Amino acid sequence: MTSSELWTRATADRYDAEEAEASSAAVLGPTLAFLAELAGDGRALELAIGTGRVGVPLRERGVPVVGIELSEHMAAVLRRKIDEGTLPVVIGDMATTVIPGEFTLVHLVYNTITNLLTQDEQVECFRNAARHLEPGGRFVIELGVPPLRFLPPGQVAVPFDVSEQHLGFDTFDLVEQILVSHHITRDGDDGRYRRDNSRHRYAWSAELDLMARIAGLELERRVADWDETPFTQASAKHISVWRKPT
């Protein structure tokens with residue numbers, strides 16, 4: 001078992017509702033097109049597939065998809081959408097679980113590499129992706145750029161969402177590279193709020209490139225979003241593609 005925090009049944013049951021905007025056709029369209037092009041005629045392996053926000057519609061586009069998911073509760077929500085024969089899911093962690101066969105694409109989206117709370121485990125995740133790739137195959141990660149430039153001296157928190165239904169902010173341990181995402185969410189119409197938090201290990205793009213080199217992968221390209229906007233110092237996130245040499 002890796003250090004990833006395990007998603008509970010309650011969290012899994014409300015996940016799709018809370019991520020409805022991220023699951024919309026307008027948002028997912030560029031993601032699916034990007035991944036389907038890289039998968040080509042081969043198979044795709046989604047690490048931390050969750051409730052199938054990306055994996056299910058990617059399979060519906062004709063890409064054979066296999067998933068690895070640590071939380072049985074998240075996988076159970078996915079299973080309500082699609083059967084095991086169409087989209088197999090193995091319960092296990094993304095750093096060590098091995099699926100038979102080779103893939104043209106391994107992908108890990110939505111900042112989920114940060115669920116691994118140590119550098120060693122993140123390196124093992126890269127190695128696990130590499131061992132599943134056929135020569136010439138690609139490993140894709142979607143990850144936010146750590147927002148440390150918004151931290152003035154003495155401040156330890158950065159807000160990322162301030163809305164009527166939700167308040168979200170991250171606090172940072174700059175020594176251990178750990179951030180804690182705090183969520184205060186309006187729960188129903190009776191004025192109650194629910195507070196949740198989750199821990200993550202943030203990593204810089206250069207650090208990921210070194211992890212990839214350790215795993216025998218080469219950086220192919222890095223863009224700022226699924227629409228392939230150029231990545232700059234002002235970008236809030238990146239989509240990085242590493243290739244396994246032939």
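The model is predicted, so local features require pLDDT of at least 70 and side-chain atom pairs count only at pLDDT 80 or more, whereas totals for chains, interfaces and linings use all residues. Residues are numbered from 1 along each chain as its sequence is written, and side-chain values use heavy atoms, with hydrogens and water left out. Helices (H or I, at least four residues) and strands (E, at least two) are DSSP runs, numbered from the N terminus.

**Salt bridges**

- With a salt bridge taken as a side-chain nitrogen of Lys or Arg within 4 Å of a carboxyl oxygen of Asp or Glu, the count comes to 16 salt bridges.
- Glutamate 18 and arginine 14 form a salt bridge whose closest N and O atoms are 3.5 Å apart, and because the two residues are four apart in helix α1 (residues 9–18), about one helical turn separates them.
- Accessibility is sorted into buried (under 20% relative accessible area), exposed (over 50%) and partly exposed (in between), using a 1.4 Å probe and protein chains only; glutamate 18 is partly exposed with a relative accessible area of 43%, and arginine 14 is partly exposed at 22%.
- Lysine 81 forms a salt bridge with aspartate 16, where the closest N and O atoms are 2.8 Å apart.
- Lysine 81 lies in the loop between α4 (72–79) and β3 (89–91) while aspartate 16 belongs to helix α1, so this pair ties together parts that are 65 residues apart in sequence.
- Both partners are partly exposed, lysine 81 with a relative accessible area of 39% and aspartate 16 with 26% relative accessibility.
- A salt bridge also joins the side chains of glutamate 84 and arginine 79, at 2.6 Å from N to O; glutamate 84 is partly exposed with a relative accessible area of 41%, and arginine 79 is partly exposed at 27%.
- Through shared partners, salt bridges link Arg14, Glu18, Asp187, Arg194 and Asp196 into one network.

**Nonpolar cores**

- In soluble globular proteins, nonpolar side chains tend to be buried together.
- A nonpolar core is here a set of buried Ala, Val, Leu, Ile, Met, Phe, Trp, Tyr and Cys residues joined through side-chain atoms within 4.5 Å; the largest such core has 27 residues, of which Leu47, Phe126, Phe139 and Leu217 touch the most other members.
- Two or more residues of this core come from each of β1 (44–47), β2 (65–69), β4 (103–108), α5 (119–132), β5 (133–144) and α6 (205–214), and α5 gives the most, with five residues.
- Apart from this core lies another, of 26 residues, among them Ala39, Val63, Val89 and Trp226.
- With contact meaning heavy atoms within 4.5 Å, and not counting residues up to four places away in sequence, leucine 217 touches Phe126, Ala130, Leu133, Phe139, Ala212, Trp242, Arg243 and Lys244.

- Two strands pair if DSSP finds at least two bridges between them, and four strands form an open sheet in the order β6-β7-β8-β9 with antiparallel pairing.
- Strands β6 (157–162) and β9 (193–201) stand at the edges with a single partner strand each, so one side of each is left without a neighbour in the sheet.
- Strand β7 (residues 166–173) pairs with strand β8 (residues 178–186) in the antiparallel sense over eight bridges, and glycine 168 has histidine 183 in β8 as its bridge partner.

- Serine 4 lies in the segment before α1 and is buried, with a relative accessible area of 14%.
- Not counting residues up to four places away in sequence, serine 4 touches Leu70, Met94, Asn115 and Leu116, and a polar atom of the serine 4 side chain lies 3.2 Å from the backbone oxygen of asparagine 115.
- The C-alpha atoms of serine 4 and glutamate 121 are separated by 9.6 Å, although these residues are 117 apart along the chain.
- Phenylalanine 231 is found in the loop between β10 (218–223) and β11 (237–243) and counts as partly exposed at 30% relative accessibility.
- Leaving aside neighbours within four places in sequence, phenylalanine 231 is in contact with Val145, Arg222, Val223, Ala224, Lys237 and His238.

Notes
A polar contact is a pair of N or O atoms within 3.5 Å; within protein, one must be able to donate a hydrogen and the other to accept it, and residues adjacent in sequence count only if both atoms are side-chain atoms.
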